[in-house]
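Dear colleague,

Please find below the structure that I am handing over to you. My notes on it follow directly after.

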Amino acid sequence: PDQSPKIHGTSLLRLKIPSFTMELENIVANTVYIKARRGSKSKGRSRKWRKMLKFPHISECEYLRDSIEKTYENIVEEQPIGKKLFVQFCALDPRLEKFTKFEEELDRFALQFAEDRLRVGKEIAKRFLSTKASARIEDIPDDVAKRVKDVLSGDESIGGELFDDCQKIIRDCLSGKPFEDFLESMYFLRFLQWKHLERRPVNKHYFRHYRVLGKGGFGEVCAVQSRCTGNVRDEEAGEEASKETQR
């Protein structure tokens, strides 16, 4: 017979079973979640689902050629994949490659704290604006380069707009004939393939759901893992959240 203490005729051992079960479930959920974050040999990718990330034949993407805005601002400046593909295209031409390297350095300069701008600015000027530099950009006029050097050698504080004139010149160069050639290249076709993949709807079946992390504006926030890539992320559950994810 059950000799354990009782409350209103119910064994205390029986009262503890639900809490023990919940604790065990939490331990299992945490273990699986940690394992997913660490990754495995397959890194959480499913062969079946990875097939969905394969690029379609270009003939399936031709409809996008006339439906997207084919401007330098939209494709290169606003879309990371467009920027990456354009940089790869420019790498085929040493002159254009200098332009993209220069832009990368200007992006780095823009992120510097005020006390670091002088040092980084001098590095950029020495590499791209110096007359003896192997990577010198000939398209930047001498008077524009001189103004930058004068500011760097003076006592004035260095502002984030130091290279604005240089950047405008490079942008005007890249957004002209090079961008037109890009639109006729295989790199733009690859861009269309990416855009085709982006338009595929995403739903909860694309993810493995591990555990609830908390609550957000639309519902519970769960730890999920993409079946296609194996990447672990947080996702908000609920119909409204699903709509936001697809956007």
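The expected span is 1.5 Å times one less than the number of residues; helices (H or I, at least four residues) and strands (E, at least two) are DSSP runs numbered from the N terminus.

This is a predicted model, in which local features need pLDDT of at least 70 and side-chain atom pairs count only at pLDDT 80 or more, while totals for chains, interfaces and linings use all residues. Residues are numbered from 1 along each chain as its sequence is written, and side-chain values use heavy atoms, with hydrogens and water left out.

The buried residues of α10 are Y187, F188, F191, L192, Q193, K195, H196 and L197. Buried means under 20% relative accessible area, exposed over 50%, and partly exposed in between, with a 1.4 Å probe and protein chains only. The cover over these α10 residues includes α3 (72–77), α4 (80–90) and α9 (177–183). Q193, found in helix α10, is buried with a relative accessible area of 11%. Leaving aside neighbours within four places in sequence, Q193 is in contact (heavy atoms within 4.5 Å) with F55, P56, H57, I58 and C61.

**Aromatic residues and the core**

Rings of Phe, Tyr and Trp (its six-membered ring) pair if their centres lie within 6.5 Å; planes under 30 degrees apart count as stacked, over 60 as edge-to-face and the rest as tilted. The count by this rule comes to 14 aromatic pairs. In one of them, the ring centres of F182 and F188 are 6.1 Å apart and the planes stand at 70°, so the pair is edge-to-face. Both F182 and F188 are buried. One aromatic cluster is formed by Y72, F86, F89, F179, F182, Y187, F188 and F191.

A nonpolar core is a set of buried Ala, Val, Leu, Ile, Met, Phe, Trp, Tyr and Cys residues joined through side-chain atoms within 4.5 Å. The largest such core has 41 residues, of which F86, F102, F163 and F182 touch the most other members. Two or more residues of this core come from each of α3, α4, α5, α6, α7 (142–153), α8 (164–174), α9 and α10. Beyond four places in sequence, F86 is in contact with Y72, V76, L174, P178, F179 and F182.

Q112 sits in the loop between α5 (94–110) and α6 (114–128) and is buried, with a relative accessible area of 18%. A polar atom of the Q112 side chain lies 3.0 Å from the backbone oxygen of R108. Not counting residues up to four places away in sequence, Q112 touches R117, R119 and V120.

G121 lies in helix α6 and is buried, with a relative accessible area of 0%. Not counting residues up to four places away, G121 touches F109, L152 and F163. The C-alpha atoms of G121 and E105, 16 residues apart along the chain, are separated by 9.2 Å.

**The chain as a whole**

The protein chain has 11 helices and five strands, and 32% of its 247 residues count as buried. Its average pLDDT (the predictor's confidence in each residue, from 0 to 100) is 80, and 70% of the residues score at least 70. Over residues 238–247 the pLDDT is below 50, and this stretch has seven contacts in the model beyond near neighbours in sequence. Where pLDDT is low, the predicted coordinates should not be read in detail.

With kind regards

Methods
Polar contact = N/O pair within 3.5 Å; in protein donor to acceptor, adjacent residues only side chain to side chain.
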